[in-house]
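Have the viewer open as you read.

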Amino acid sequence: MRAARLIKMVLLLQSRPAMTAAELARELEVSERTVTRDAQALSEAGVPVYAERGRAGGYRLIGGYRTRLTGLARGEAEALFLSGVPGALREMGLEDAASAARLKVSAALLPSLRDASRTAAQRFHLDAPSWFREPETPELLPAVADAVWDDRRVAARYRRGEEEVVRELEPYGLVLKAGVWYLCARAARAAGGGSFRVYRIDRFTAVEAGGERFERDGDFDLPAFWAERAEEFARSILRAEVVVRLSADGVRRLPHVVDAPAAREALEAAGAPDAEGWVTVTLPVESEEVAHEQLRGLGPEVEVLAPAALRGRFARDAGRLAGLYGG
């Protein structure tokens with residue numbers, strides 16, 4: 001533990017002209033007294049750490065000293081490629097590995113480039129969860145992430161509807177979509193021929209990694225697999241159709257209140273506007289209930305023509321609104 005902290009202290013000082021005891025204590029998550037003791041230990045070990053007193057003082061390395069301890073471990077290198085998604089790193093338990101990797105890269109850079117990580121962080125930040133929802137980290141995510149990184153089979157219990165099923169899985173990859181974590185995996189018993197499936201991490205009730213590693217399918221492409229499954233899922237839930245008339249403003253706003261690809265396809269297949277400038281479209285939807293919730297967002301810019309039950313819902317909505325505002 002202390003050896004790792006001493007190395008981190010050297011890398012911090014190597015990447016910056018000087019640091020105060022308070023700054024080092026904050027970075028190393030220790031007290032300033034511990035920083036003083038660590039600096040003394042480094043000096044006794046032959047590392048030229050120099051302490052300057054006074055308001056402008058701090059710790060620095062003398063004479064352009066450079067350590068050779070900049071090689072990245074595999075875990076650090078893998079975490080470094082995810083450093084643009086700090087929230088995801090933290091949830092998977094990789095924040096420390098990414099921090100060590102960034103320090104080593106900074107220490108290896110020329111002095112004129114050592115502020116690159118700070119300037120980049122001030123110009124780009126990824127906030128994955130959607131608005132108006134508090135993201136929750138699944139309790140079992142770190143265990144699943146460890147198995148993914150280490151190519152280890154897992155025995156998992158998974159909620160599917162009202163029941164729980166037991167699966168032995170080969171965990172291939174993790175996906176963070178709109179604040180929700182998913183696992184792309186293959187059933188272990190079907191190794192070599194099983195299909196890949198998608199599991200929501202928050203529906204796992206137990207995950208236990210075994211000692212056996214699996215051999216990854218070299219042809220598996222996580223981004224391509226996810227894009228294909230996401231499109232299949234979006235289409236699979238659109239099991240019903242509604243026929244509506246839309247004003248020009250309704251046409252413009254439709255992709256913002258319903259599934260955007262479905263709206264695009266419906267509008268592309270629509271005929272010419274009628275004499276009043278309204279367009280009639282057949283729109284695929286998840287269900288009548290969902291269509292009712294979504295299309296209400298268009299207010300008077302949409303008229304439901306079919307099915308009759310949905311048109312009746314909007315007629316009742318209109319009657320209630322007339323009662324509220326008729327006076």
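Helices (H or I, at least four residues) and strands (E, at least two) are DSSP runs here, numbered from the N terminus. On that basis the chain has 13 helices and 10 strands. Bear in mind that this is a predicted model: local features need pLDDT of at least 70, side-chain atom pairs count only at pLDDT 80 or more, and totals for chains, interfaces and linings use all residues. Residues are numbered from 1 along each chain as its sequence is written, and side-chain values use heavy atoms, with hydrogens and water left out.

Now for burial. A residue is buried under 20% relative accessible area, exposed over 50% and partly exposed in between (1.4 Å probe, protein chains only). Of the chain's 327 residues, 33% count as buried. Contact means heavy atoms within 4.5 Å; among contacts between residues at least 6 apart in sequence, 60% join residues at least 24 apart.

**A helix pair**

How do α10 and α11 cross? The axes of helix α10 (residues 248-257) and helix α11 (residues 260-268) come within 7 Å, at a crossing angle of roughly 150°. The axes are lines fitted to C-alpha atoms, for helices over the stretch in contact, and angles run from 0 to 180 degrees between N-to-C directions. Angles under 35 degrees count as roughly parallel, over 145 as roughly antiparallel, 65 to 115 as roughly perpendicular and the rest as oblique. So α10 and α11 are roughly antiparallel to each other. Val251, Leu254 and Pro255 of α10 make the contact with Ala260, Ala263 and Leu267 of α11. By class, that's 6 nonpolar, no polar and no charged residues (Ala, Val, Leu, Ile, Met, Phe, Trp, Tyr, Cys and Pro count as nonpolar, Asp, Glu, Lys and Arg as charged, and the others, Gly among them, as polar).

**Salt bridges**

A salt bridge needs a side-chain nitrogen of Lys or Arg within 4 Å of a carboxyl oxygen of Asp or Glu. Searching the whole structure turns up 21 salt bridges, including these:

| Pair | N to O distance |
|---|---|
| Arg313 and Glu289 | 3.4 Å |
| Glu293 and Arg296 | 3.1 Å |
| Glu303 and Arg311 | 3.1 Å |

Take the Arg313 and Glu289 salt bridge. Arg313 sits in helix α13 (residues 308-325) and Glu289 in helix α12 (residues 288-295), so the pair ties together parts 24 residues apart in sequence. Arg313 is partly exposed at 22%, and Glu289 is partly exposed at 44%. Arg296 is partly exposed too, at 40%.

Then there's the Glu303 and Arg311 salt bridge. Glu303 is partly exposed at 26%, and so is Arg311 at 38%. Salt bridges with shared partners join Arg245, Asp274, Glu276, Glu303 and Arg311 into one network.

**Aromatic rings**

Rings of Phe, Tyr and Trp (its six-membered ring) pair if their centres lie within 6.5 Å; planes under 30 degrees apart count as stacked, over 60 as edge-to-face and the rest as tilted. By this rule there are 10 aromatic pairs. Phe196 and Phe225 have ring centres 6.0 Å apart and planes at 65°, so the pair is edge-to-face. That pair links distant parts of the chain, with Phe196 in strand β6 (residues 196-200) and Phe225 in helix α9 (residues 222-236), 29 residues apart. Phe196 is buried at 12% relative accessibility, and Phe225 is buried at 10%. Tyr172, Phe196, Phe214, Phe220 and Phe225 form one aromatic cluster.
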